[in-house]
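User: I'd like to learn how to read a two-chain model. Could you walk me through it, feature by feature?

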Amino acid sequence: MREAVFDTVVVGGGAAGLAASKIIAERGYRVALVERENRLGGILNQCIHNGFGLHYFKEELTGPEYAQRFIETTAGTPNIEVFLETTVMDVKTSRADNNNSGKGSTNSPGTKEVFCYSSRYGVLKIITKTIVLAMGSRERNRGNIGIPGTRPAGIFTAGLAQRFVNIEGYSPGENVVIIGSGDIGLIMARRMTLIGARVLAVIEIQPYPSGLTRNIVQCLRDFDIPLHLSHIVSRIYGRDRVEAVDVTPVRNGKPEMEETFKIKCDTLLLSVGLVPENELSKKFGVKINPETGGAVVDAHMMTSVDGVFSCGNVLHIHDLVDYVSEESIAAASFACDYMEERGKWPAAEQFPTVASSNIKYVIPNSYDPEINNRFFFRPMIVKNNAKLCIRMENEDKEQKTLLEKRLLHVQPSEMVSVNIKSERIKEFLRDGEENRLVFSIQ
Amino acid sequence: MKNKVLDVAIIGAGVTGASIARKLSAYKLDIALIEKETDVAFGVSKANSGIIHAGFHHPPVTLKSKLEIMGNSMFDQLNRELHFPFKRCGIIVAAMSVEEMKTIQELYQRGVNNGVIGIELCNRSRMLELEPNLNSDVTGGLYAPTGGIIEPYRFVFSLVESARKNGVNIITNFEVVDKRETNNTYTLISSTGESIKARYVINASGLYADKISELFGAKKFKITPRKGEYYLLDKSSSYRPSRVIFPVPTKISKGILVVPTVEGTTLIGPTAENINDREDFSTSIENFEKIFYATRRLVPAISERDIITSFAGVRPAAEGGDFIIESYPDVPKFINAAGIQSPGLTASPAIAEYVKDLLKKQGCRLVEKPDYDPYLDETVKLREMDHSSADQLFQKDPRYGNIICRCENVSEAEIVHAIHQGHTTLDGIKFYTRAQMGRCQGGFCSYKIIKIIHRETGLPFEKITKRGRESYILKGSIEDDWKGVVEVTNTSLQGGTTRDMQTGSPDNNAQSAGGNEGNT
Amino acid sequence: MSSRSNKSLICISCPIGCHLTVEYDKDNLREENIKISGNKCSRGITYGREEVLAPKRTVTATVSIASEIQRRLPVKTTKHIDKVLIFELLDNLYSLKVKPPVNIGERLIENFKGTGVDVVATMKLDR
């Protein structure tokens, strides 16, 4: 078994892992960037549409172009060693790192062993101080949403179909129905149209689209593709290959079966959400937030396992890659701080953040009064002119408003971010209190 | 094959046909195992509960019961020889009322009469001790430690591999639609006009056994397709039991069960619904609700959030309810092995013995082969290895280091092995290796598997299927699909181009795909 | 009296997606006659005008490439192109075949039909 020693192991070479590696290497630490595919860039390689980079690079790029900007900066850096076609199978942490499980090896406190499998390197054991989890997400599939009917060929998750079309150059079908109006589904509606297929309908269970507005316009309206809001696919037909689907309107949460109509099609694409891919994290005791499916992270993006950080879609699902890069840079910087100040880190006590009215979750799950905190949160409602309210709540349930802000438009598909300066937080902080930061939208 | 007259042709490569084929492969016989689907175990055997029954459900007068008990006892030896996923985890039957406990008493007595080893009656606390996640309202129940679980399709694959190793011809995509009879020889004719000649024919054709029996002019009976729907729950579910949990059975069915599969998932189901269409594998909302309602009564923590997938299987229920394994004086050299539904999987090794004896009675000479080898090498499963053994394995074959299915940790080498064993569809590879069977259901790995199938078999991408027949995955390459292709040369482009280009042709594309493969 | 028309659009210049109301005179379609409201920035005005006068889109697609890495090379138009020209452009793209190496920004079609729009590669493929 080969052994190697690095300061950091970054798991995953997509948008998150690339940004994190770049920052850690720039700060002078040696990074092992482990990627299971045969090249860096992750899902960006198949996202050939544009719309990436408006925030981060202030220009509009396609997915491969966005990836290439980071790949170029990482490839030439001597501090980064890239392991392609290599899968992280297992992580062993010392007991001192992990409050959640007794599992772990007897190596010295703070040291982690990362076991990687690949054809090229065999089993590679990397000994490291820190780990950045950047494994991204997987798509929810037909089984997860339990559509009744048969199980023929021709049912694809939208991302898999995108891979077939954009990389492999094969068409998944000719007459297509798309379930779910997530961004990948919308992008694929246009993409399928542009390769000569007919997209017959997009079916969305919610009364509002779950993808970005610009994708509704550019991908559906431009090609007159019908979007059926508050509808479900209630049955799949076909023995060998998909032959048709039943579509049923939903009112007050109940399917109106008598209003069901049938659409003949040979292909079904599913764009019904992404799930953070945390199977590896769970294996070594990283605590998971049930609201996000990602790790619980503190104000420094560190998980419940000491020295293990998380960022990008493996932490929570982002709608813009720009935010993934930004978040990963933050997580990577904290990882470097951690290595610099080991033993006396973190300096300040942290307090919890709480998602309250109309908010699904807030990331990170705690804040550090000594730093300027940046929060990401996801609204649960669609509203114009919404009011964001952040309050400090103590044990006596007394609340003090720390920040109020008008938000022109909120919707579940668009994540919101907000910065709060250290000084502002300190004004409200009380000794010996819980000091919970409560987020709500009205 | 065409002109040669074989000794035995077995119609149907499910667990019954495969068990018979393997049993007969110990003798000096030319045998063909014939399957209408693209792969073996693609019928009844691929979608059932995967239970090795203990033998307390059926009265001892039935053939079912006799073969069930005998079959159960044969699995340890079979597993030593063939290494399929199998575990004697035990079976419990949970009574939820004093009324149901009366049936439990009957089952217990039946079990004792049938000779079920170790069967015990349990009070409430014994039940909760055996299965802590059981509904705490449980009144009591039955425990049969010899019951177990198995992966039915992998069991069939092992039987078929063993049969093939000992000389049996495996013929897939051969649907028997007609027969001829000359000079003591049967000629089986397929839907595509191919033929196979054999002196003896064994009908193990599952859902179609009534039709084959009729074709040979043997006993008339009716197979009623009985559909069972199932849901498969993620490995990470906290309530996973360690034993198979049955409800108290009713007259028509053994009920809806909670099964801890050998590979760590939890299976719930089946429903039992008589249908007309032998190929209706659809699932419904009504049965979804029924299954969750019924199994939550046993294990209240069962959650629909853990669903990985759903499926339906169809059992071949014969009139009278018992197995039909017999020969007929007026139809020489023909044997029916029909109506093999639950506990058919458990009984299958005993069915093979029984059919062998019938064959002998029909005059077939059974001479033992001196070189018969009942043992198979154990298939390598990367997911069950520790890091240092994995490392040694990678030295021998680096393709084991290339993880293709990240959910179930299946390597490239394992997929290549499956293909070389004849499993060239996505479902065949799934059942053989578990790749695509985990939580992403092939979202990440199916394109990689398609590429490997293409590389290993030469099948073009668009000819690769999910499970044979017309179940094509892809509709052709983009260039072919695009109806508006205009042949352009550099000069016809407005303003010209700035680099060397050529017009596309499908041939070049095929080459570039090949080049890609050579590089991996 | 001129015939005033209303059109509601969603601006796609950025992810905010402003809901625009565009008022214009069908018979006298000139830039200065188009009134736009609901926009939060000047890009909304440009977008609204364009959508009425001559809707344009950036096109992203793939062309065939004889690469060892993948069978399709992603490409994009360097500027927005008239919506009506999209399928004609695709006809051209789908009949191209590129040989590696190719770099990001490398021009594959120059000044398509005199529109001033080029098509460039958006992925670096060395072999």
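**Reading the model**

Analyst: B:His387, B:Tyr447 and B:Lys475 supply 16% of the area that chain B buries against chain A, more than any other three residues. This is a predicted model, where local features need pLDDT of at least 70 and side-chain atom pairs count only at pLDDT 80 or more, while totals for chains, interfaces and linings use all residues. As for conventions, residues are numbered from 1 along each chain as its sequence is written, chains are lettered from A and ligands numbered from 1 in the order in which they are written, and side-chain values use heavy atoms, with hydrogens and water left out.

User: How many residues from each chain take part in the contact?

Analyst: Contact means heavy atoms within 4.5 Å. By that rule, chain B brings 54 residues and chain A brings 49 residues.

User: How do I read the overall form of chain A?

Analyst: For 442 residues a compact globule would come out near 22 Å, and chain A has 23 Å, which agrees. The C-alpha trace of chain A spans about 65 × 60 × 45 Å along its principal axes. Among contacts in chain A between residues at least 6 apart in sequence, 63% join residues at least 24 apart.

User: What secondary structure does chain A have?

Analyst: Helices (H or I, at least four residues) and strands (E, at least two) are DSSP runs, numbered from the N terminus. Chain A has nine helices and 28 strands.

User: And what share of chain A is buried?

Analyst: Buried means under 20% relative accessible area, exposed over 50%, and partly exposed in between (1.4 Å probe, protein chains only). On that scale, 65% of the 442 residues of chain A are buried. Take A:Thr8, in strand β1 (residues 2-11) of chain A: its relative accessible area is 0%, so A:Thr8 is buried. Leaving aside residues up to four places away in sequence, A:Thr8 touches several others, among them A:Ile24, A:Val31, A:Thr128 and A:Met339.

User: What should I look for in the backbone?

Analyst: Most residues other than glycine have a negative phi, and most peptide bonds are trans. Here, a cis peptide bond joins A:Ile363 and A:Pro364, with omega about -5°. A:Pro364 sits in the loop between β22 (359-363) and β23 (366-367) of chain A. Over in chain B, a cis bond links B:Gly269 and B:Pro270, with omega about 0°, and B:Pro270 is in the loop between β16 (266-269) and β17 (273-274).

User: Is B:Asn184 buried or exposed?

Analyst: B:Asn184 is exposed, at 62% relative accessible area. Its phi is near 60°, again positive in a residue other than glycine, and B:Asn184 lies in the loop between β10 (176-182) and β11 (185-190) of chain B.

Technical notes
Rg over C-alpha atoms; globule rule 2.2 N^0.38 Å. Buried area = accessible area lost by both parts, 1.4 Å probe.
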